[in-house]
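Here are some notes to read alongside the model. Keep the structure open while you go through the points.

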Amino acid sequence: MSRATIWRILEAADLKPHKSAYWLNSHDPDFDQKASQICRLYVNAPRLYQQGRLVICSDEKTGMQILQRKYPTRLAVPGKPERREFEYIRHGTRVLLGSFCVPTGKVVWDLGPTRTAEDWAAHLRHVVRQYPQQRGYDWVVDNLNTHFSLAVCREVACWEGLSLDERAMATGAQRRAWLSDPSHRHVFHFTPIHGSWLNQVELFFSVLSRRLLKRGDFASAAEFEGRMRQWLDRYNQEQAHPYRWTYTGEPLVRATPFSQTDRQRRHGRAWFGTRRPLFERLIHPPRQYHRRQQPLAANL
């Protein structure tokens, strides 16, 4: 079988064996229920905020490297992009504990070298001190063990005025169930397994990476912390805004018509061939291919 024949067979079936893409399968049996619950919180966050209940998305951004370029960066000039030195000097790492207020878009943060359970409990106390007038709090967090540690349970019990039986909190499942009790003022909503992308604070971390960390050049840990605090303060004052959440708990591809992109159209009719329908070929004929003519002088 010739190479051209194999190509025609694969092209007709819309198969590309030379390409591969990563995907992550969530095996959480309650994925749909948890995702729908979190999405409803995001939709109702403005109304709940007016009623005195705050929806907060919390997580940590770990391993932020403090890098100093060995040689100065060359700024962009006409015709040439910015050029950064490949070699760097490493001044350690820092961890950002962040909580994103869904109805307002503002961020409460703590910056430090570690992310222990005690650090996380202290961050939760910081968030509550920033919004003391709220009658209720809905915390959206992922399944990291520090998010449902005994230190967190002690904090919530102190806020609720409850006595905590630590012998009944021996396992993580027991602590998650107690923190998720809807009768509490502080209710924790845990994202599905492999579903941390449902946490809106990840969107803020993406903004932080692109605007500050990606091209960062920091001479010391102190300079890194100072610039990080300055950027976060300016973000809260001038740029903070609630995100427009479009995911509803259903697969995103269902909200996108197959007619929107050529790739989806080809994929949708892969078993019937990838050639365009006749009316499309008549309305939008392909461009003619013109071979470049070689000058006669070049062949002499």
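**Notes on the predicted model**

1. Let's start with a salt bridge: the side chains of Asp28 and Lys34 meet at 3.0 Å, N to O. For the term itself, a salt bridge is a side-chain nitrogen of Lys or Arg within 4 Å of a carboxyl oxygen of Asp or Glu. Asp28 counts as buried, at 7% relative accessibility, while Lys34 is partly exposed, with a relative accessible area of 25%. Here buried means under 20% relative accessible area, exposed means over 50%, and partly exposed is in between (1.4 Å probe, protein chains only).

2. A word on where this comes from. This is a predicted model, in which local features need pLDDT of at least 70 and side-chain atom pairs count only at pLDDT 80 or more, while totals for chains, interfaces and linings use all residues. Residues are numbered from 1 along each chain as its sequence is written, and side-chain values use heavy atoms, with hydrogens and water left out.

3. How many salt bridges are there by this rule? The count comes to 11. One of them joins Arg215 to Glu82, at 3.7 Å from N to O. That pair links distant parts of the chain, 133 residues apart: Arg215 is in the loop between helix 6 (201-213) and helix 7 (221-239), and Glu82 is in the loop between strand 1 and strand 2 (88-101). Arg215 is exposed, at 57% relative accessible area, whereas Glu82 is partly exposed, at 30%. Helices (H or I, at least four residues) and strands (E, at least two) are DSSP runs, numbered from the N terminus.

4. Next, Arg154 and Glu166 form a salt bridge, their closest N and O atoms being 2.8 Å apart. Arg154 is in helix 4 (residues 150-160) and Glu166 in the loop between helix 4 and helix 5 (172-179), 12 residues apart. Arg154 is partly exposed at 41% relative accessible area, and Glu166 is partly exposed at 36%. Also have a look at Arg94, Glu225 and Arg229, which are linked in a network of salt bridges.

5. Is strand 4 (residues 136-141) mostly covered or mostly open? It is mostly covered, with 6 of its 6 residues buried. In a regular strand the side chains alternate between the two faces of the sheet. In strand 4, Gly136, Asp138 and Val140 on one side and Tyr137, Trp139 and Val141 on the other are all buried, so both faces are covered.

6. Which strands pair with strand 4? Strand 1 (residues 53-69) runs parallel to strand 4 and is joined to it by 5 bridges, with Ile56 partnering Trp139. Strand 5 also pairs with strand 4 in the parallel sense, over 5 bridges, and there Tyr137 has His186 as its bridge partner. Two strands pair if DSSP finds at least two bridges between them.

7. Finally, the whole chain. Its secondary structure comes to 10 helices and 5 strands. Of its 300 residues, 36% count as buried. Residues 24 or more positions apart account for 69% of the contacts with a separation of 6 or more, a contact being heavy atoms within 4.5 Å.
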